[in-house]
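Biologist: I have just opened this one and would like a walk through it. Could you put it up for us?

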Amino acid sequence: MSLNKKIAAVLAIAVAAMLPTFWPNPYYIHLMVVIGIYAILLLGLDIVVGYVGEVSLGHAALFGVGSYAAGVLHAKLAVPFLLAVPASIAITGLFGALLALPALRVSGPYLAMVTLAFGTIIQILINEMDFLTNGPLGLSVRKPVWFGHHISGTDYYYVVLVALIATLFVIQRILKSHLGRAFEALHDSPIASDCMGVSVYGYKVYAFVLSAAIAGLAGALFTYSEEYISPNTYNFELTILFLLAVIMGGRKTRTGPVLGAIIVVMLPNVLSDIDLFREISIGIAVITAVYAVYAFVTRQRTARQLALPLAATIALAVSGFMMENITDHRLTIFGAMILFVVYYLPNGIMGFLRGIIVKFRPQWIHRHTLISEHGDMQHVWAVPDHPVTANGFLLEARNIVMQFGGLKALSEVNLQISKGTVHGLIGPNGSGKSTTMNVLTGIYKPTSGEIDFNGKLITGATPSSIAGEGIARTFQNVQLFGEMTAIENVLVGLHHTYRHNILDVVFHTPRCKREKHAAEVRAASLLRFVGLADLANEEARNLPYGKQRLLEIARALALNPSLLLLDEPAAGLTAPDIKELIAMIEKIRSHGITVILIEHHMDVVMSICDKVTVLDFGQKIAEGTPAEIQSNEKVIGAYLGGSAA
Ligand code: ADP
Ligand code: MG
């Protein structure tokens, strides 16, 4: 966190702590408690929605599980508050795992449906399990008594405030760690994530369980705040409300969920008091008008783009004065506001504000300020001395068949890769080169055949476990984590070097600091190796195409592979860049890393490959040294003929 942000955080906490003194109305204090509780839940929901990018319609139910866990423990077993709350967190985390393990096999709309079904089942269970939950009658709970003092509504406000601050702190630390980076990476490019050893499924489940545990905390706090819980609270509408709050507030921020909670809790109140509604709608219209004038004068927006939002906010303000009574129109206004936010502020209100701030303070974009001068390649690379296959090869693929429907993309292909060599794989477009690479890295499971790597069968293993075995790759269609900086991309490749767990992350233990520092030094030196040191803090999607390819190589090397697969690395590179690439591949080989190189630039292939395999229509038609391949009749006929002539 920058100093400014820290000062803002301290000020916000001070204001929040003083609110009950200046605003002692119990009704409003209760509203603020609910805001705090919702904010906690939304911070957790944002991990799933904002970072992992999946929609969960099960969070109201998880909130309910947390509520009832605390309620049942209190009402049936007289468990004290300070034990009931952590127990609720654990129980809800467990329910989250129960939901996530099967549900996250699917994604998108299917996942939304599975979580929706989960919500319905939980509501039915709460209703039916009378002996625990009292069914529709609900459970009564009392706020705790501490040191002979019965906790009042105002006291409870401070309890929730402390819980909210703790949640903010913990989530901030997690999301800024290698765990948060994994969540972001799997959203940006699931394939690359898996191939960097960051299991997409595993980390999705992780994120979901974390999010569920936080919903459990919110639920337990809610039970003690309401002092009465019943099944109807945790319904479908609440789940939708939570999603809207995250989206309106702004995804992938800490402030967004808090703002979203304020909006969804206060809005029903605003929409029941016509005077308050009039004041606020005028305020919104004035802010929009000021922004519109600013955006128009600075030419950031055209008059046409600005006309509709401006007209809409003015219409909202005018409508406030035309209505006598607002309660009849509540839902309409609520719906219109949601549409407005979703349409005009796709990154939510905080995302929009941040966009403006970033314009004035460009250095905020840089999330990392490193690239230390120390660390050189010799120290950074330590290629593990792996055993080889029975026949003395690093990798052997035997009789690989890959069938796509009626098409045999690979038929009975055999490959033998010797340790420490650069092995070329060439052939016309569509001959099965990339498919070979996808089979070797576990993206495709071959229809038949087996792959032996380091004396171990890896056929059918998952991409992330194959990556863990020491096979790294780049992609023909670049697969970077676009929204992350260059150095963060490499740090995802270094994920395997992080041994510390979530507790180390939260408490910033020496182990956490040490591993973090070591990874950053290594990432910096890998970037220097591919010549991207100056672009370390640039977002990957903003790099020129050729540089993106080089960044992929750096990220693959971060895996500390014994075998590196390069799929057309020279595509999109300029002539001087290609020269550097050749030098780079030679250097990689000199460090003991074996390379399989798919390439169309024959000069590259012929100058560095020790051995070349030629594919045509999914079949191996030739294999040998570059000189043998160049004079092979079959190869000239099928592939080289065109370029030779
Ligand atoms: P290249 O040698 O140009 O890299 P590919 O390995 O990408 O060739 O493709 C080989 C053949 O397999 C092509 O005919 C391609 O259309 C087909 N193919 C590759 N992947 C798939 C897939 N996922 N589904 C169907 N067909 C595929
Ligand atoms: Mg290809």
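Biologist: Which polar side-chain atom lies 3.0 Å from a nitrogen atom of ligand 1?

Modeller: In this predicted model, that atom belongs to Tyr444, whose polar side-chain atom sits 3.0 Å from a nitrogen atom of ligand 1. As for how covered the ligand is, ligand 1 taken alone exposes 550 Å², and the protein buries 64% of that.

Biologist: And what lies close to the oxygen atoms of ligand 1?

Modeller: There are two contacts to mention here. An N or O atom in the side chain of Thr435 is 2.5 Å from an oxygen atom of ligand 1, and a backbone N or O atom of Gly432 is found 3.0 Å from an oxygen atom of the ligand.

Biologist: How many residues surround ligand 1?

Modeller: The shell holds 13 residues, and the closest of them are Gly430, Lys433, Ser434, Thr435 and Tyr444. Sorted by class, the shell contains 5 nonpolar, 7 polar and 1 charged residues.

Biologist: Which helix or strand supplies at least two residues of that shell?

Modeller: Both strand S6, residues 407-417, and helix H18, residues 433-440, supply at least two residues each. Helix H18 gives the largest share, with 3 residues.

Biologist: Where is Asn134, then?

Modeller: Asn134 is in the loop between helix H6, residues 130-133, and strand S1, residues 139-140. Its phi is near 60 degrees, again a positive value in a residue other than glycine.

Biologist: Is Asn134 buried or partly exposed?

Modeller: Asn134 counts as partly exposed, because its relative accessibility is 31%, which falls between the 20% limit for buried and the 50% limit for exposed.

Biologist: Changing topic, why would you call H11 largely enclosed?

Modeller: Because 10 of the 14 residues of H11 are buried, this helix is largely enclosed by the rest of the structure. Among the buried ones are Leu238, Leu241, Phe242, Ala245 and Met248.

Biologist: How far does H11 reach from its first C-alpha to its last?

Modeller: Helix H11, residues 236-249, reaches 20 Å, which is close to the 20 Å expected at 1.5 Å a residue. Just after H11 comes Gly250, with a positive phi of about 125 degrees.

Biologist: What about H12?

Modeller: Helix H12 covers residues 255-270, so 16 residues, and reaches 21 Å from its first C-alpha to its last, close to the 22 Å expected at 1.5 Å a residue. Its buried residues include Gly256, Pro257, Gly260, Ile263 and Leu267.

Biologist: How many disulfides does the count come to?

Modeller: The count comes to 0 disulfides. Among the residues that count as buried are Cys512, at 4% relative accessibility, and Cys609, with a relative accessible area of 7%.

Biologist: Last one: how many helices and strands does the chain have?

Modeller: The chain has 27 helices and 14 strands. Of its 645 residues, 51% count as buried, and its C-alpha atoms fill a box of roughly 90 × 65 × 55 Å along the principal axes.

Conventions: Residues are numbered from 1 along each chain as its sequence is written. Chains are lettered from A and ligands numbered from 1 in the order in which they are written. This is a predicted model: local features need pLDDT of at least 70, side-chain atom pairs count only at pLDDT 80 or more; totals for chains, interfaces and linings use all residues. Side-chain values use heavy atoms; hydrogens and water are left out. A residue is near a molecule or strand if one of its heavy atoms lies within 4 Å of it. A polar contact is a pair of N or O atoms within 3.5 Å; within protein, one must be able to donate a hydrogen and the other to accept it, and residues adjacent in sequence count only if both atoms are side-chain atoms. Accessible areas come from the Shrake-Rupley method with a 1.4 Å probe; for residues, only the protein chains shown count as cover. Helices (H or I, at least four residues) and strands (E, at least two) are DSSP runs, numbered from the N terminus. Ala, Val, Leu, Ile, Met, Phe, Trp, Tyr, Cys and Pro count as nonpolar, Asp, Glu, Lys and Arg as charged, and the others, Gly among them, as polar. Buried means under 20% relative accessible area, exposed over 50%, partly exposed in between (1.4 Å probe, protein chains only). A disulfide is a pair of cysteine sulfur atoms within 2.5 Å.
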